[in-house]
Amino acid sequence: MHLRPGTTVDRWTVLRPLGQGGMAVVYLARHDQLQSLHAIKLLTLPMPSIQARLLQEGRAQSALRHPNVVAVTDVITVGSNPALVMEYVDGPDLRQLLEGRELSIDAADQLARGILRGVAAAHRQGLVHRDLKPGNVLLAVVDGALVPKIADFGLTKVL
């Protein structure tokens, strides 16, 4: 299932696609009453096992509540598919940042420490990400500094 810009889903208006993976599309959406921006991850494969995995991903990510993990704030239903409502991170991912650029030691150290704090928070909750890569680390700009936020807990192993 794909959504067109301008489509209203629940209390969200879809603005545009942000990205697509093998099983889902992530859209930028605006909350109709609050006017705040969020990301909505919608499955493209409506198989029950994939739906269950998306819900597990949502539970895992929403339980973390850590500044270095993308927050999942809600689950909505689009057609017959669950979709995750997530914090919108308005910045590149780590893969995009590193393309054609060399980071200073201080910048690399700050990003690595943030990523490790997010991973440590997941481990304390008994979660292993299993798909940590530069494309799954989003970068938010907070007070002029880049803050890494781990995304896509779809392959998470719960211990």
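**A walk through the predicted model**

At 1% relative accessibility, glutamine 61 counts as buried, because buried means under 20%. What lies 2.9 Å from a polar atom of the glutamine 61 side chain? The backbone oxygen of valine 70 does. Glutamine 61 also has contacts beyond its neighbours within four places in sequence. Among them are Val69, Val70 and Val72. Met86 is in contact with glutamine 61 too, and so are Ile150, Ala151, Asp152 and Phe153.

How far can the model be trusted? The chain averages a pLDDT of 93. Confidence is highest in strand β3, residues 24-31, at a mean of 97. Confidence is lowest in strand β10, residues 157-158, at a mean of 79. Where pLDDT is low, the predicted coordinates should not be read in detail.

Now turn to the sheet. Six strands form an open sheet, in the order β1-β2-β3-β4-β6-β5. Their pairing is antiparallel. Which strands stand at the edges? They are β1 (8-9) and β5 (72-78). Each has a single partner strand, so one side of each is left without a neighbour in the sheet. Further in, β2 (residues 12-20) pairs with β3 over seven bridges, in the antiparallel sense. Arginine 16 stands opposite leucine 28 in β3. In a regular strand the side chains alternate between the two faces of the sheet.

Helix α1 comes back here. The helix lies across three strands: β4 (37-43), β5 and β6 (81-87). Helix α1 runs at about 25° to β6.

Lysine 41 lies in β4. Is lysine 41 buried or exposed? At 10% relative accessibility, lysine 41 counts as buried, because the cut-off for buried is under 20%. Its side chain has polar partners. A polar contact of 2.8 Å joins it to the side chain of glutamate 57. Another, of 3.2 Å, joins lysine 41 to the side chain of aspartate 152. Asp152 is also one of the contacts of glutamine 61. Leaving aside neighbours within four places in sequence, lysine 41 also touches Ala24, Val25 and Val26, among others.

Next come the nonpolar cores. The largest has 14 residues. Those with the most contacts inside this core are Leu64, Leu94, Ile115, Leu139 and Phe153. Which elements give two or more residues to it? They are α1, α2 (94-98), α3 (105-124) and β8 (137-142). Helix α3 gives the most, with four residues. A second, separate core has 13 residues, including Leu3, Val9, Ile76 and Ala83.

Look again at leucine 139, from the largest core. Not counting residues up to four places away in sequence, leucine 139 touches Val89, Asp90, Gly91, Pro92 and Asp93, among others. Its list also includes Leu94, Leu97 and Leu111. Leu146, Val147 and Pro148 are on the list as well.

The last stop is a hairpin. Strand β8 pairs with β9, residues 145-150, over six bridges in the antiparallel sense. Alanine 140 stands opposite valine 147 in β9. Two residues lie between the strands of this hairpin. In it, aspartate 143 takes a positive phi near 50°.

How values were computed. Residues are numbered from 1 along each chain as its sequence is written. This is a predicted model: local features need pLDDT of at least 70, side-chain atom pairs count only at pLDDT 80 or more; totals for chains, interfaces and linings use all residues. Side-chain values use heavy atoms; hydrogens and water are left out. Buried means under 20% relative accessible area, exposed over 50%, partly exposed in between (1.4 Å probe, protein chains only). A polar contact is a pair of N or O atoms within 3.5 Å; within protein, one must be able to donate a hydrogen and the other to accept it, and residues adjacent in sequence count only if both atoms are side-chain atoms. Contact means heavy atoms within 4.5 Å. pLDDT is the predictor's confidence in each residue, from 0 to 100. A nonpolar core is a set of buried Ala, Val, Leu, Ile, Met, Phe, Trp, Tyr and Cys residues joined through side-chain atoms within 4.5 Å. Two strands pair if DSSP finds at least two bridges between them. Axes are lines fitted to C-alpha atoms, for helices over the stretch in contact, and angles run from 0 to 180 degrees between N-to-C directions.
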